[in-house]
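Biologist: I am new to this structure and would like to learn how to read it. Could we go through it feature by feature?

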Amino acid sequence: MKTNDSNPKSNSKSPQPIRKSEPSQRIFIENIYEKEAEPNDGVAVRMTILFFARRPFWVRFSKIAAANFHNLAHGGGSRTRPSFPEREVISNSEAWFVKVVCTLFLRSHPLDCCFGYLSKNLSSSIAFEVIKRLNNPKLGLKFFELTRVNLNVNHNFSTYNLLMRSLCQLGLHDSAKLVFDWMRSDGHSPDNSIIELMVSSYARVGNLHIAEKLLDEVQSDEFRVSSFVYNSLLSVLVKRNQVDEAVGLFKKRMVLHSDPDIWTFNILIRGLCGIGKLDSAFEFMNEMGNFGCPPDIVTVNTMINGLCRANEVDRGCALLKEIQSRSGISPNVVTFTSIISSYCKLGRMEEASFVFSEMISSGIKPNDFTFNALIDGFGKAGKMDSAVSLYDKMLAHGYHPDVVTFTALIDGYCRDGQLNQGLKLWHEMNARNVSPNGYTFSVLIHALCKDNRLREAHDFLRQLNQSNVVAKSFMYNPVIDGFCKAGNIDEASLIAAEMEKKRCKPDKMTFTILILGNCMKGRMSKAIGIFNKMLAIGCAPDKITVDSLISCLMKAGMAEEANIIRKTAAEDLNLGSSSLRRVNLRPNAEIPVAA
């Protein structure tokens, strides 16, 4: 409740000094209460006690008001307050105090006027709640420093933790390090979670040397940095593609100051496989036993996946057989699917089928990724009977076909010349409410254009535009090319316009198709206009585009324009757009080519 300023009687005993007329700012703190802390009698206690005026360099804060507030907040006063359950950190009555301190800090900073009162009543738990309520790491740091230095508040571990994490999230690593140093100087020992936070935060922004320096600071005979801290740091380095730095950190520090575990080796092996250093990855895997942590299935799968990505699937298969002969590690569906998928991508379907059969005989149930890989492999190999057979097995195992399954089958039928069967699957796909992706559209559009069914292909483009799939130029180009080759340049130009309307940028192939199509129809001025547009949007033509346009211009008797294009292209061997200039058509140039 806002209190109107009354006209106080003059105090003859201690008159206030007359100050220059300055605009005063009234600060009212009202309605500061928790619903749970108030009795449900329709009468809420209004905080009218903290009513003061703030002027530059002149602040009044009533000690009587502060005392009155403290009395009310802690259960005093004439009203009997019911008891309510305490919160996790502070009581309901203290929640009022938290709000008041926040308001004072935000509106009357600095808090010189109430240091005396706050020094007696501001506890570490309340300070934590204030910082949390401020919900601003920078303000929280200011309040933290103020209360630590001026009020001698001994902040608790949760406050340091909250501040450091919120500051790191904002990228204020230096401020977080300052709080970290204060924490240690105030007698709090940071645990491994705090150290992990700090070193990982520095590593994420590329300050590995600072992270290592911090590790040096905390490393001692009494405190041993856990493998959890090092693993987090190694993981950050691997994700940043700093694999060599991660290996160096392991050899220089972790072996000496911590105990590597299986997660440590798996992180390093994953990183080494990711950059193609497979032999080094094998060395780490062979060393694992010496550290008391033999490889597990994650290690094996990581190695096999790395080998398969490097097209060394035979080495991956050999590793699988080696693992099968050992005791203690059992290959799983991921192990087998990695090898099966790699064989399928290489078109080696016999080997893929053999590994699949071995997988089934081992009692391992294939998943949808396994079936999709095999269906796609057989489809690309032109063995649609095998692909359909695996599709039936997939259904028998209880898996529902997804967009990958249908697209693989449609692509296989289109490659095999069974376009209508592919369209039938398209309708089945829609009936099952399976949404197509860009590759599904591309496969059918290419197949329809190849079969000279341009109108149907154009219809698919319309469906594409009505879907949530992001259109790409390679989806439009076959249709534009088909209409150009059919002599229907106007239709091709309309489709190109639709393409741009959908914010799909034409690429080098699009422009080349349109340029050649217009040349074939004798529309040389139109072809040059498209060439100029190509340059204007920064799409550099390649040698095929330039040579084809020059050849058509020469045949049309437009040697001058052809020479300009030749000269412009010769200035830059890379045919970069920066050196290509606009080609001007001769006025009234008539092209004697039949339409």
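Biologist: Which residues of H9 are buried?

Modeller: Keep in mind that this is a predicted model. The buried residues of H9 are Leu208, Ala211, Glu212, Leu214, Leu215 and Val218. Viewed down the axis of H9, they fall within an arc of 155°, so they line one face of the helix.

Biologist: What is the general idea behind such a face?

Modeller: An α-helix has 3.6 residues a turn, so residues three or four places apart point the same way. In H9, the other side carries His209 and Lys213, which are exposed.

Biologist: What covers the buried residues of H9?

Modeller: The cover includes H7, helix H8 (192–204), helix H10 (227–239) and H11.

Biologist: What share of the residues in the protein chain is buried?

Modeller: Of the 595 residues, 47% are buried. The accessible surface of the protein chain is about 31400 Å², and carbon and sulfur atoms account for 50% of that surface. As for contacts with a separation of 6 or more, 62% are between residues 24 or more positions apart.

Biologist: Next, charged pairs. How should I read a salt bridge?

Modeller: Side chains of opposite charge can pair when their charged atoms come close. This structure holds 26 salt bridges. One of them joins the side chains of Glu217 and Lys177, with 3.4 Å from N to O. Glu217 is in helix H9 and Lys177 is in helix H7 (residues 173–185), so this pair links distant parts of the chain, 40 residues apart.

Biologist: Are Glu217 and Lys177 buried or exposed?

Modeller: They fall into separate classes by the cut-offs, where buried means under 20% relative accessible area and exposed means over 50%. Glu217 counts as partly exposed because its relative accessibility is 28%. Lys177 counts as buried because its relative accessible area is 15%.

Biologist: Which residue forms a salt bridge with Asp459?

Modeller: Its partner is Arg462, and the closest N and O atoms are 2.7 Å apart. Both residues lie in helix H23 (residues 454–466), 3 residues apart, which is about one turn of the helix. Asp459 is partly exposed at 37% relative accessibility, and Arg462 is partly exposed at 38%. Elsewhere, salt bridges that share partners join Lys177, Asp181, Arg184 and Glu217 into one network.

Biologist: What about covalent links: how many disulfides are there?

Modeller: A disulfide is a covalent bond between the sulfur atoms of two cysteines. Here the count is 0 disulfides. As for individual cysteines, Cys168 is buried at 11% relative accessibility, and Cys293 is buried at 9%.

Biologist: Which residues form a nonpolar patch on the surface?

Modeller: Val255, Leu256 and Phe291 form one, with about 260 Å² of accessible area together. Leu256 belongs to helix H11 (residues 243–257). Leu256 counts as exposed because its relative accessibility is 57%.

Biologist: Last, the backbone. What should I expect of phi?

Modeller: Most residues other than glycine have a negative phi, and most peptide bonds are trans. Asn433 has a positive phi, near 60°, and is not a glycine. Asn433 lies in the loop between helix H21 (419–431) and helix H22 (438–450), and is exposed with a relative accessible area of 70%.

Biologist: Where is Arg503 found, and what is its phi?

Modeller: Arg503 is in the loop between helix H25 (489–501) and helix H26 (508–520). Its phi is positive, about 60°, although Arg503 is not a glycine. Arg503 is exposed, with a relative accessible area of 80%.

Biologist: Which loop holds Gly328?

Modeller: Gly328 is in the loop between helix H15 (313–325) and helix H16 (333–345). Gly328 is exposed, at 81% relative accessible area. The C-alpha atoms of Gly328 and Pro294 are separated by 9.6 Å, with the two residues 34 residues apart along the chain.

Key
Residues numbered from 1 in each chain as written. Heavy atoms only, no water. Disulfide = S-S within 2.5 Å. Buried < 20%, exposed > 50% of the residue type's maximum accessible area, 1.4 Å probe, protein only. Patch = residues over 30% accessible without salt bridge, like charges linked within 9 Å, V, L, I, M, F, W, Y side chains within 5 Å. Areas by Shrake-Rupley, 256 points an atom, 1.4 Å probe, with all protein chains shown as cover. Salt bridge = Lys/Arg side-chain N within 4 Å of Asp/Glu carboxyl O. Helix = DSSP H or I, 4+ residues; strand = E, 2+ residues; numbered from the N terminus. Contact = heavy atoms within 4.5 Å. Arc of directions from axis to C-beta.
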